[in-house]
Amino acid sequence: MGDMTNPLITIGLHFFARAVCLIVLPILCYLAFFATHFHLLNKSGPGDAFFSSAFQSTLEGNELHNSQVPEYIAYGSTITLKNHRSGGGLLHSHHHLFPEGVGITQQQVKVGNSGLLVTSG
């Protein structure tokens with residue numbers, strides 16, 4: 001069954017050492033890697049468009065860094081539309097209409113990076 005000659009204090013110390021080495025130390029390493037990652041990678045880069053605007057505003061060097069976002073959109077505002085499902089690709093409008101008989105007579109929207117001006121209409 002086990003070595004019954006070991007004192008209870010020795011068994012407790014073994015249990016404590018295993019808990020520290022197998023539970024506490026890996027958790028501390030995991031947290032240390034994340035802390036280092038977020039400390040070093042807080043700058044803007046070429047893949048920023050794939051992240052949310054809220055995350056982009058935390059990156060140094062990004063045009064959204066520390067920006068104030070209004071709660072409501074007003075006339076005259078320039079907005080950028082993002083496609084949520086395709087990895088955050090930006091959308092912009094073309095002045096070309098859909099072909100005759102296809103869809104409805106609204107403008108096409110394609111992937112791009114230009115802003116749209118909000119006007120009354």
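Phenylalanine 38 counts as exposed, at 53% relative accessibility, where exposed means over 50% relative accessible area, buried means under 20% and partly exposed lies in between, computed with a 1.4 Å probe on protein chains only. The model is a predicted one, in which local features need pLDDT of at least 70 and side-chain atom pairs count only at pLDDT 80 or more, whereas totals for chains, interfaces and linings use all residues. Residues are numbered from 1 along each chain as its sequence is written, and side-chain values use heavy atoms, with hydrogens and water left out.

The count of aromatic pairs comes to two, with rings of Phe, Tyr and Trp (its six-membered ring) taken to pair if their centres lie within 6.5 Å, and with planes under 30 degrees apart called stacked, over 60 edge-to-face and the rest tilted. The rings of tyrosine 30 and phenylalanine 34 have centres 5.0 Å apart and planes at 65°, so this pair is edge-to-face. Tyrosine 30 and phenylalanine 34 are four residues apart in helix 1, which separates them by about one helical turn; helices here are DSSP runs of H or I with at least four residues, strands are runs of E with at least two, and both are numbered from the N terminus. Tyrosine 30 is exposed, with a relative accessible area of 53%, whereas phenylalanine 34 is partly exposed at 37%. Phenylalanine 34 also forms an aromatic pair with phenylalanine 38, and this pair is tilted, with 5.9 Å from centre to centre and 35° between the planes. Phenylalanine 34 and phenylalanine 38 are likewise four residues apart in helix 1 and thus separated by about one helical turn. Tyr30, Phe34 and Phe38 form one aromatic cluster.

## The nonpolar surface patch

Tyr30, Phe34 and Phe38 also belong to a nonpolar surface patch of about 1,100 Å², whose other members are Phe16, Val20, Leu22, Ile23, Val24, Ile27, Leu28 and Leu31. Patches are made of residues with over 30% relative accessible area and no salt bridge, like charges being joined within 9 Å and nonpolar side chains (Val, Leu, Ile, Met, Phe, Trp, Tyr) within 5 Å. Accessible areas come from the Shrake-Rupley method with a 1.4 Å probe, and for residues only the protein chains shown count as cover.

## Salt bridge and cysteines

How many salt bridges are there, if a side-chain nitrogen of Lys or Arg must lie within 4 Å of a carboxyl oxygen of Asp or Glu? The count comes to one salt bridge, formed by glutamate 60 with lysine 43, whose closest N and O atoms are 3.4 Å apart. Glutamate 60 lies in the loop between helix 2 and strand 1 and lysine 43 in the loop between helix 1 (8-40) and helix 2, so the pair ties together parts that are 17 residues apart in sequence. Glutamate 60 is partly exposed at 36% relative accessibility, whereas lysine 43 is exposed at 52%.

Disulfides, defined as pairs of cysteine sulfur atoms within 2.5 Å, number zero in this model. Cysteine 21 is partly exposed at 49% relative accessibility, and cysteine 29 is partly exposed at 38%.

Asparagine 62 is found in the loop between helix 2 (53-56) and strand 1 (78-79) and is buried, with a relative accessible area of 11%. Leaving aside residues up to four places away in sequence, asparagine 62 touches Ser44, Asp48 and Gln56, a contact being heavy atoms within 4.5 Å.

Tyrosine 75 is found in the loop between helix 2 and strand 1, and at 65% relative accessibility it counts as exposed. Tyrosine 75 and valine 118 are 43 residues apart in sequence, and their C-alpha atoms are 5.2 Å apart in space. Isoleucine 79, found in strand 1, is partly exposed with a relative accessible area of 23%; its C-alpha atom is separated by 7.3 Å from that of valine 118, 39 residues apart along the chain.

## The chain as a whole

The secondary structure comes to two helices and five strands, which run α-α-β-β-β-β-β from the N terminus on. Of the 121 residues, 9% count as buried, and the accessible surface comes to about 10,500 Å², of which 66% belongs to carbon and sulfur atoms. Among contacts between residues at least 6 apart in sequence, 28% join residues at least 24 apart.
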